[in-house]
Amino acid sequence: MKTGYTPRAGLCLVATSQKAGKHRLITVVLNDQNEFTETNSLMKHVYKTADVYK
């Protein structure tokens with residue numbers, strides 16, 4: 001969705017995904033050198049554990 005960098009916030013990523021018939025998931029990762037990897041891990045965790053995605 002959107003990548004960014006500022007000296008104060010560091011590397012950032014705002015991302016979104018949606019499974020068919022489910023709520024949209026929006027993640028925000030701030031100040032992380034591995035923002036894409038962390039976002040992927042966060043989304044997988046939510047899809048695995050959150051009741052709204054089962």
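How many residues does helix α1 have, and what span does α1 reach from its first C-alpha to its last? Helix α1 covers residues 35-49, so to speak a run of 15 residues, and reaches 21 Å, close to the 21 Å expected at 1.5 Å a residue; the expected span is 1.5 Å times one less than the number of residues. The model here is a predicted one, where local features need pLDDT of at least 70 and side-chain atom pairs count only at pLDDT 80 or more, while totals for chains, interfaces and linings use all residues. Residues are numbered from 1 along each chain as its sequence is written, and side-chain values use heavy atoms, with hydrogens and water left out.

Now for the overall layout. The protein has one helix and three strands, in the order β-β-β-α from the N terminus on. Helices (H or I, at least four residues) and strands (E, at least two) are DSSP runs, numbered from the N terminus. The C-alpha atoms fill a box of roughly 40 × 15 × 15 Å along the principal axes. Of the 54 residues, 28% count as buried; buried means under 20% relative accessible area, exposed over 50%, and partly exposed in between, with a 1.4 Å probe and protein chains only.

Back to the helix. Glu 35, Thr 39, Met 43, Val 46 and Tyr 47 are the buried residues of α1. Seen down the axis, they fall within an arc of 100°, so they line one face of the helix; the arc is that of the directions from the helix axis to the C-beta atoms. This buried set packs against β2 (10-18) and β3 (24-29), with contact meaning heavy atoms within 4.5 Å. Turned away from the buried side is a face that carries the exposed Lys 44 and Lys 48.

Strand β3 holds both Thr 27 and Val 28. Thr 27 is buried, at a relative accessible area of 3%, whereas Val 28 is exposed, at 51%. Leaving aside residues up to four places away in sequence, Thr 27 touches Leu 13, Val 14, Ala 15, Thr 39, Leu 42 and Met 43.

Asn 31 sits in the loop between β3 and α1 and counts as exposed, at 58% relative accessibility. Phi of Asn 31 is near 50°, a positive value in a residue other than glycine. Most residues other than glycine have a negative phi.
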